[in-house]
Amino acid sequence: MRKTYGSGSVWEQTLGYSRAVQVDNTLFISATAASGADGIVGDDFYTQTKYILEKLGAVLDEAGFAYEDVVQSKLYLTDISKWEDAGRAHGEVFGEIRPTLSLVHVLPFLDPQMLVEIELVAQKSA
């Protein structure tokens, strides 16, 4: 079984991707930024990470998954020296769940106000 989920972003159609793709009992969620209705939410790594994880919680929920199902998390940071700020927000959500984690230092994103993007993989027990 393969099912796609969209967020309504114009980028999804333009670039030909989905917010998330479920294959059987696994959900792959595209890298997500802190973009809201009025632009980028937050101007620091903690706030953006927290907002993104809230957005991703809604994606998980829509697909019938939960934070507890997340097995892999990747944080893309434009300034790796701010890893503790992003990590604190990540730990508030995943502290007891403890998925695998990658912290990746990246060049600036398309929008220079974007400091963080997060990508998740979730899997339900069979």
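Guide: Partly exposed means a relative accessible area between the limits for buried, under 20%, and exposed, over 50%. Keep that scale in mind as we walk through this predicted model.

Visitor: Gladly. Let me try it on a charged pair: which side chains meet in a salt bridge here?

Guide: Glutamate 92 and lysine 50 do, at 3.9 Å from N to O. A search of the whole structure finds 1 salt bridge.

Visitor: Is lysine 50 buried, partly exposed or exposed?

Guide: Lysine 50 has 36% relative accessibility, so it counts as partly exposed. Glutamate 92 falls into the partly exposed class too, because its relative accessible area is 47%.

Visitor: Let me step back to the whole fold. How many helices and strands does the protein have?

Guide: There are 3 helices and 8 strands. Read from the N terminus, the order is β-α-β-β-β-β-α-β-α-β-β. The radius of gyration is 14 Å, close to the 14 Å given by the globule rule for 126 residues, so the protein is as compact as a globular protein of that length.

Visitor: What are the dimensions of the box that the C-alpha atoms fill?

Guide: Taken along the principal axes, the box is roughly 40 × 35 × 20 Å. The accessible surface comes to about 7300 Å², and carbon and sulfur atoms own 52% of that. Buried residues make up 38% of the 126 residues.

Visitor: How do I read the contacts along the chain?

Guide: Look at how far apart in sequence the partners are. Of the contacts with a separation of 6 or more, 69% join residues 24 or more positions apart. A related check is the distance between C-alpha atoms. Those of alanine 66 and lysine 124 are separated by 9.1 Å, although the two residues are 58 apart along the chain. Alanine 66 belongs to the loop between H2 and S6, and it is partly exposed because its relative accessible area is 29%.

Visitor: Now the interior. What is the general idea?

Guide: Nonpolar side chains tend to be buried together in soluble globular proteins.

Visitor: Which residues of the largest nonpolar core touch the most other members?

Guide: That core has 29 residues, and the ones touching the most other members are Leu27, Ile29, Leu56, Leu60, Val116, Ile118 and Leu120. Two or more residues each come from strand S3 (26-33), H2, strand S6 (70-77), helix H3 (83-94) and strand S8 (116-123). H2 gives the most, with 6 residues. As a close-up, Leucine 56 touches Ile29, Thr32, Ile118 and Leu120, leaving aside residues up to four places away in sequence.

Visitor: And threonine 49, what does it touch?

Guide: Leaving aside residues up to four places away in sequence, threonine 49 touches Leu75, Ala86, Ala89, His90, Val116 and Ile118. Threonine 49 is in helix H2, which spans residues 45-62. It counts as buried because its relative accessibility is 0%.

Visitor: Is leucine 77 buried or exposed?

Guide: Leucine 77 has a relative accessible area of 0%, so it is buried. It lies in strand S6. Among the residues it touches beyond four places away in sequence are Phe45, Trp83, Leu103 and Val116.

Visitor: Where do nonpolar residues form a surface patch?

Guide: Ile80, Trp83, Leu101 and Leu103 make a nonpolar patch of about 350 Å². Leucine 101 sits in strand S7, residues 100-105, and is partly exposed because its relative accessible area is 45%.

Visitor: Last topic: backbone angles. Which feature should I look for?

Guide: Look for a positive phi in a residue other than glycine, as in aspartate 24, where phi is near 55°. Aspartate 24 lies in the loop between strand S2 (20-23) and S3, and it is partly exposed because its relative accessible area is 47%. Arginine 98 is not a glycine either, and its phi is positive at about 55°. Its place is the loop between H3 and S7, and it counts as exposed because its relative accessibility is 69%.

Visitor: How far apart in space are leucine 77 and aspartate 24?

Guide: Their C-alpha atoms are 30 Å apart, and the two residues are 53 apart in sequence.

Definitions and conventions
Residues numbered from 1 in each chain as written. Predicted model: local features only at pLDDT ≥ 70, side-chain atom pairs only at ≥ 80, totals over all residues. Heavy atoms only, no water. Patch = residues over 30% accessible without salt bridge, like charges linked within 9 Å, V, L, I, M, F, W, Y side chains within 5 Å. Areas by Shrake-Rupley, 256 points an atom, 1.4 Å probe, with all protein chains shown as cover. Salt bridge = Lys/Arg side-chain N within 4 Å of Asp/Glu carboxyl O. Helix = DSSP H or I, 4+ residues; strand = E, 2+ residues; numbered from the N terminus. Buried < 20%, exposed > 50% of the residue type's maximum accessible area, 1.4 Å probe, protein only. Contact = heavy atoms within 4.5 Å. Core = buried A, V, L, I, M, F, W, Y, C linked by side-chain atoms within 4.5 Å. Rg over C-alpha atoms; globule rule 2.2 N^0.38 Å.
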